[in-house]
Amino acid sequence: MTVVAVIAGVLLTAAAVITSYRVLAGPSTLDRVVGIDSLMAIAAAGLAVWAAYSNDTSVIPAIVALSLVGFLGSAAVSRFRVRDDR
């Protein structure tokens with residue numbers, strides 16, 4: 001179980017680094033919004049890996065809240081964004 005958790009942690013860290021680059025250097029606002037939404041999903045996955053590794057279910061509400069805030073934030077920004085070409 002420890003090996004699987006370590007591999008998942010390394011892969012999630014690599015995904016977070018790559019996604020952070022996309023957020024910082026994204027060519028448009030929508031790319032950055034998608035990157036931030038992806039970072040929220042990666043954080044939720046990291047908490048899920050921790051919950052599975054430690055057999056601790058107390059982080060499940062945090063995973064649900066993080067996913068909900070990530071989705072609603074991305075949807076709100078996408079709905080009310082201003083075009084980049086102005």
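(Buried means under 20% relative accessible area, exposed means over 50%, and partly exposed is in between, with a 1.4 Å probe and protein chains only as cover.) Ala75 sits in helix 3. (A helix here is a DSSP run of H or I with at least four residues, numbered from the N terminus.)

Before you go on, know that you're looking at a predicted model: local features need pLDDT of at least 70, side-chain atom pairs count only at pLDDT 80 or more, and totals for chains, interfaces and linings use all residues. Residues are numbered from 1 along each chain as its sequence is written, and side-chain values use heavy atoms, leaving out hydrogens and water.

**Stop 1: helix 1.** Select residues 2-25. That's helix 1, with 24 residues and 35 Å from its first C-alpha to its last, close to the 34 Å expected. (The expected span is 1.5 Å times one less than the number of residues.) Now colour Ala5, Thr19 and Val23, the buried residues of helix 1. What do these buried residues pack against? Show helix 2 beside them, and there's your partner. (Contact means heavy atoms within 4.5 Å.)

**Stop 2: helix 2.** Select residues 29-54. Pick out Val33, Gly35, Ile42, Ala44 and Ala51, which are buried. Their cover includes helix 1 and helix 3 (60-79).

Still in helix 2, click Trp50. Is Trp50 buried or partly exposed? Partly exposed, because its relative accessibility is 46%.

**Stop 3: the loop.** Step along to Asn55, in the loop between helix 2 and helix 3. Most residues other than glycine have a negative phi. Asn55 has a positive phi, near 55°. At 69% relative accessibility, Asn55 counts as exposed.

**Stop 4: helix 3.** Select Ala62 and Gly73. Ala62 is in helix 3 and is partly exposed at 36%. Gly73 is also found in helix 3 and is partly exposed at 30%.

Time for the distance tool, C-alpha to C-alpha:

- Ala75 to Val33: 42 residues apart in sequence, 9.0 Å apart in space.
- Ala62 to Thr13: 49 residues apart along the chain, 19 Å between them.
- Gly73 to Leu11: 62 residues apart along the chain, 25 Å between them.

**Last stop: the record.** An unreviewed UniProt entry annotates "transmembrane region" at residues 6-24, 36-53 and 59-77. (Positions follow the numbering used here, feature names are shortened, and annotations may be inferred rather than shown by experiment.) Select 36-53: the chain is 100% helix and 0% strand there, with end C-alpha atoms 26 Å apart. Then try 59-77, which is 95% helix and 0% strand, with ends 27 Å apart between C-alpha atoms.

Notes. Helices (H or I, at least four residues) and strands (E, at least two) are DSSP runs, numbered from the N terminus.
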